[in-house]
Structures are given as C-alpha cells and as structure tokens.
Amino acid sequence: GLLLAYGGGDIEKRFFAVQIIDSHPEILMNTGSGLVSLRLEDNVHDNRVHRLQIKKQNRELLVQLDNQP
C-alpha cells in the first residue's frame with residue numbers, strides 16, 4: 001500500500017511516492033524528466049519495525065533500509 005505521496009505543481013509530471021508492493025518497498029518519482037522506479041529486494045513483511053532512508057542528491061537517488069550499506 002501507499003505510505004507517502006507528494007506532488008508539486010503538475011502531479012502528472014512531478015511527484016514522489018513510497019509504497020509497499022508484495023512486501024517490498026518501492027520508490028516512484030518524476031522530477032519532470034521521466035519516471036524513476038526502484039523496488040528493493042528486501043522483504044519488510046516480517047513483523048519488525050523498519051527504517052527506510054531516501055536521499056536525492058543531484059541526479060542520484062540513495063536508498064538505505066535498516067542502516068544497511
């Protein structure tokens with residue numbers, strides 16, 4: 001299910017979303033130049049609390065789950 005969504009201006013062209021699909025975190029974003037989709041292999045459906053950290057630096061998207069490198 002959807003955890004977080006943000007749309008700025010034209011939602012069709014600029015948005016950011018975090019969701020859980022089939023027990024895996026998925027990040028979707030578009031900053032105006034096309035859709036970027038990243039789905040982690042880690043399964044988060046294990047009755048534990050998880051920490052997902054997402055950073056965007058210039059053209060890079062950095063994602064970290066539970067302080068893993």
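User: Of the 69 residues of the protein chain, what percentage count as buried?

Analyst: This is a predicted model, and burial is judged from relative accessible area, with under 20% as the cut-off. By that criterion, 20% of the 69 residues of the protein chain count as buried. The accessible surface of the chain amounts to about 5,300 Å², and carbon and sulfur atoms account for 48% of that area.

User: How many helices and strands does the protein chain have?

Analyst: The protein chain has six strands and zero helices. Following the sequence, the pattern reads β-β-β-β-β-β. The C-alpha trace spans about 35 × 25 × 15 Å along its principal axes.

User: In which sense do strand S5 and strand S6 pair, parallel or antiparallel?

Analyst: Strand S5, residues 52-57, pairs with strand S6, residues 60-65, in the antiparallel sense, over six bridges.

User: What lies between S5 and S6 in the hairpin?

Analyst: Two residues separate the strands of this hairpin. In the turn, Asn58 has a positive phi of about 55°.

User: What percentage of contacts join residues at least 24 apart?

Analyst: Such a figure begins with contacts between residues at least 6 apart in sequence. In the protein chain, 14% of these join residues at least 24 apart.

Notes. Residues numbered from 1 in each chain as written. Predicted model: local features only at pLDDT ≥ 70, side-chain atom pairs only at ≥ 80, totals over all residues. Heavy atoms only, no water. Helix = DSSP H or I, 4+ residues; strand = E, 2+ residues; numbered from the N terminus. Buried < 20%, exposed > 50% of the residue type's maximum accessible area, 1.4 Å probe, protein only. Contact = heavy atoms within 4.5 Å. Areas by Shrake-Rupley, 256 points an atom, 1.4 Å probe, with all protein chains shown as cover. Pairing = 2+ DSSP bridges.
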